[in-house]
Amino acid sequence: MASLRPFSFSALYLYFPILAFAFFQNSQDASLPAILIDGCFEDWQGRTPLFVQEQAAVSPEALRLSGLWAADDADYLYLKLVFNNNILLQENNRIILYLDCDDEPHTGKAIGDIGAEVAFAFGQRQGWMLVNGDSLSIEYEALGLVAAPATYTDTFELALQWNASPELERLHFGDGPLRLLIRDEDSGNAMPSVLYQPLRQGRAPLKWPGLEKADSRHLRLVTHNVNRHHLQPDKRDAFTRVYRALQPDLLLLEEAYDGTAEEIRDYFQPALGPSPTGLWLAYKAGAEATVLITPYPVHEIVPLGNSAAYLIDLRPNYPGSLALVALSLPCCRQDSARQAEADQIMAFVRHWRKGSVDGGLAEGTPIVLAGDANLVGYPEQLATLLYGRIQDSLAYGASFSPDWDDSPFTDLCPQQLQRPMTFTWRGKGFFPGRLDYIIYSDSALRIGRNFVFDTVGLPESLLKQYDIREQDAPNTYKHQPVVADLILYNQ
Ligand SMILES: [Ca+2]
Ligand SMILES: [Ca+2]
């Protein structure tokens with residue numbers, strides 16, 4: 001096996017014996033709520049930290065860990081990490097997590113006072129694992145690493161899967177007490193090693209027995225970034241099985257560049273089933289080719305950069321319209337462009353609400369923003385979409401509270417069916433992350449069933465029941481469909 005030593009182990013190793021507190025914790029209180037890797041941290045309340053460090057211990061410039069929490073269940077080790085500065089976890093840092101899988105300093109590589117069998121450098125998105133004496137280069141998949149949020153912040157939660165790889169199982173990861181140590185290789189700042197005893201208790205079963213809407217009056221929205229894969233002949237069966245299982249009322253695609261709206265509708269129509277109006281209509285707008293396939297006519301389409309707004313007339317099945325913004329914000333490191341488009345979208349929502357664009361929306365019209373928001377940079381972009389905080393007020397006007405009752409919009413944050421995760425994208429290189437969002441005016445609609453549809457790891461019985469194959473969702477594209485049943489006009 002190839003040997004790789006990408007990191008320096010001679011970095012100054014510092015303890016902070018006066019102001020650092022390490023707790024030898026024997027796992028979690030089983031009565032505490034389960035951990036959900038969603039980038040929100042209420043689920044960690046009541047848990048005892050493994051390590052905390054008071055704010056004044058070192059200069060504020062040097063990055064350091066200021067708190068570490070751990071929890072676990074039958075499948076995952078969960079960690080909550082708090083730093084003294086805002087960072088992107090998977091870029092531009094040299095923070096390394098070391099795992100002494102057998103709590104034995106004489107096995108593994110000597111790191112401080114532990115013998116580490118695994119190391120993972122978050123900012124480089126790689127690490128090593130000692131297997132049979134060889135140092136094996138690994139990426140996130142070998143640990144089953146999932147982290148949230150994907151944006152700049154000072155607090156992260158992450159999960160490592162006990163049996164993510166045969167190599168990890170060979171190390172008996174999670175079979176007994178393990179020891180953790182986190183060190184910033186740039187500053188040398190390190191926490192003292194801490195011991196953790198996993199409980200490995202079982203997790204709750206699937207939230208819902210099936211994939212269907214709870215009520216036929218709910219309007220099922222499925223959003224899916226298909227990134228040019230939608231018309232590929234070898235993808236057709238996977239797409240067909242996925243959409244047939246989900247039965248969308250509104251199918252919203254992003255980056256569906258190839259084909260006209262009608263060609264795409266015709267391609268997917270066999271999977272959609274009967275329309276509640278007898279029609280399947282199709283529209284396409286925005287520089288990143290959002291496509292809406294709908295039983296209800298669209299009365300207004302407004303391109304908003306890569307994204308687009310659709311005003312869908314739901315009458316007579318419902319007493320009014322649905323204002324749907326298809327999100328397809330600029331990706332990756334394009335923070336400025338992404339912020340500008342978030343500003344543009346919310347400026348449009350403000351004008352739309354105030355009746356200053358094409359007659360505007362009737363008071364109380366449900367508003368939903370759905371699609372690939374690509375939020376992997378500065379957190380202000382989400383704040384713009386939720387709270388109407390417009391950054392470039394010269395270009396896009398004043399900030400405002402976007403909901404009809406002058407409150408913020410709500411971030412639905414759907415969970416996967418089979419695991420306590422909310423990621424909607426899984427690919428090579430970067431960690432799985434939540435890129436796709438459903439944001440809505442909670443004063444004007446409620447949400448029924450909602451989930452991220454990853455087929456990998458679904459129970460065999462569910463796969464069989466819906467005639468889907470385990471690799472169907474990733475075989476469509478790296479983005480997974482996100483599903484929300486909209487409860488409109490109190491129906
Ligand atoms: Ca959480
Ligand atoms: Ca060891």
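Student: What makes N132 count as exposed?

Tutor: N132 has a relative accessible area of 67%, and since the word exposed is kept for values over 50%, N132 is exposed in this predicted model.

Student: Where is N132 found, and what sets its phi apart?

Tutor: N132 is found in the loop between β9 (126-131) and β10. Its phi is positive, about 50°, although N132 is not a glycine. Most residues other than glycine have a negative phi.

Student: N227 has a positive phi as well, so is N227 called buried or exposed?

Tutor: The relative accessibility of N227 is 16%, and because buried means under 20%, N227 counts as buried. N227 lies in the loop between β15 (219-225) and α2 (236-246), and its phi is near 35°.

Student: How do you know that α2 is largely enclosed by the rest of the structure?

Tutor: Eight of the eleven residues of α2 are buried, and therefore the helix is described as largely enclosed. The buried residues are A238, F239, T240, R241, V242, Y243, A245 and L246. They pack against β15, β16 (250-254), α3 (261-272), β25 (445-452), α8 (472-476) and β26 (482-488), and α2 is followed by Q247, whose phi is positive, near 50°.

Student: Which protein atoms are the donors of the calcium ion (ligand 2)?

Tutor: They are D100 (OD), D102 (OD), E104 (O), T107 (O), T107 (OG1), G115 (O), E117 (OE) and E117 (OE), lying 2.3 to 3.1 Å from the calcium ion (ligand 2). In sequence, the donor residues of this ion are spaced D-x1-D-x1-E-x2-T-x7-G-x1-E.

Student: Why is the pair D100 and E117 said to tie together parts of the chain?

Tutor: D100 lies in strand β5 (residues 95-100), whereas E117 lies in the loop between β7 (114-116) and β8 (118-121), so the pair ties together parts that are 17 residues apart in sequence. D100 is buried, and so is E117.

Student: How do you know that β5 and β8 pair?

Tutor: Two strands pair if at least two bridges are found between them, and four bridges join β5 to β8, which run antiparallel. In this pair L99 stands opposite V118 in β8. Both strands belong to an open sheet of six strands in the order β10-β9-β8-β5-β13-β14, with antiparallel pairing.

Student: What makes β10 and β14 the edges of this sheet?

Tutor: β10 (134-138) and β14 (194-196) each have a single partner strand, so one side of each is left without a neighbour in the sheet. From one strand to the next, the twist averages 20°.

Student: Why are α4 and α5 called roughly parallel?

Tutor: The axes of helix α4 (residues 335-353) and helix α5 (residues 380-387) come within 9 Å and cross at roughly 5°. Because angles under 35 degrees count as roughly parallel, that is the term for α4 and α5. The contact is made by D335, R338, Q339, A342, D343, I345 and M346 of α4 and by E380, Q381, T384 and L385 of α5, and these residues divide into four nonpolar, three polar and four charged.

Definitions and conventions
Residues numbered from 1 in each chain as written. Chains lettered and ligands numbered in written order. Predicted model: local features only at pLDDT ≥ 70, side-chain atom pairs only at ≥ 80, totals over all residues. Heavy atoms only, no water. Donors = N, O, S within 2.8 Å, 3.2 Å for Na, K, Ca; no water. Helix = DSSP H or I, 4+ residues; strand = E, 2+ residues; numbered from the N terminus. Buried < 20%, exposed > 50% of the residue type's maximum accessible area, 1.4 Å probe, protein only. Axes fitted to C-alpha atoms, helices over the stretch in contact; angles between N-to-C directions. Parallel < 35°, antiparallel > 145°, perpendicular 65-115°, else oblique. Contact = heavy atoms within 4.5 Å. Nonpolar A, V, L, I, M, F, W, Y, C, P; charged D, E, K, R; others polar.
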